[in-house]
Amino acid sequence: MTREELKRIFAEELETIAPEVDLSMIAETDNIQEYFDLDSMDIFNLLAALHQRLSIDIPDKDASKLLTVKTALDYLVTLVPE
């Protein structure tokens, strides 16, 4: 799966959890939790949604790797084969 495909999936799942989120409004290095005022449950739900959608395991301890678009994509490309 390409980085762009992963970005689209990441955005779709995040928008499902927090409909007000529009990733095009922020830089890839901005903290999405702070920028969109997401709580820890939102991030947990994002982990679960990505787990289900991509059939990958994301340990809770890796949640911090999903707090910016860049770090999330860097992390996801290591888990999802092309």
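Reply: Gladly! A nonpolar core is a set of buried Ala, Val, Leu, Ile, Met, Phe, Trp, Tyr and Cys residues joined through side-chain atoms within 4.5 Å. Please keep in mind that this is a predicted model.

Me: How many residues does the largest nonpolar core have?
Reply: Nonpolar side chains tend to be buried together in soluble globular proteins. Here, Phe10, Leu23, Ile32, Leu50 and Leu76 have the most contacts inside the largest core. Helices α1 (3-17), α3 (40-54) and α4 (69-79) each supply at least two of its residues.

Me: Which elements do the buried residues of α1 pack against?
Reply: The buried residues of α1 are Leu6, Ile9, Phe10, Ala11, Glu13 and Leu14. Taking Phe10 and leaving aside its neighbours within four places in sequence, its contacts include Leu46, Leu50, Ala72 and Leu76. As a group, the buried residues of α1 pack against α2 (32-35), α3 and α4.

Me: How far does α1 reach from its first C-alpha to its last?
Reply: Helix α1 has 15 residues, and at 1.5 Å a residue the expected reach is 21 Å. The model comes close to that, with a span of 21 Å.

Me: Is Ser55 buried or exposed?
Reply: Ser55 lies in the loop between α3 and α4. Its phi is positive, about 55°, although Ser55 is not a glycine. Exposed means over 50% relative accessible area. Because its relative accessible area is 67%, Ser55 is exposed.

Definitions and conventions
Residues are numbered from 1 along each chain as its sequence is written. This is a predicted model: local features need pLDDT of at least 70, side-chain atom pairs count only at pLDDT 80 or more; totals for chains, interfaces and linings use all residues. Side-chain values use heavy atoms; hydrogens and water are left out. Buried means under 20% relative accessible area, exposed over 50%, partly exposed in between (1.4 Å probe, protein chains only). Helices (H or I, at least four residues) and strands (E, at least two) are DSSP runs, numbered from the N terminus. Contact means heavy atoms within 4.5 Å. The expected span of a helix is 1.5 Å times one less than its number of residues.
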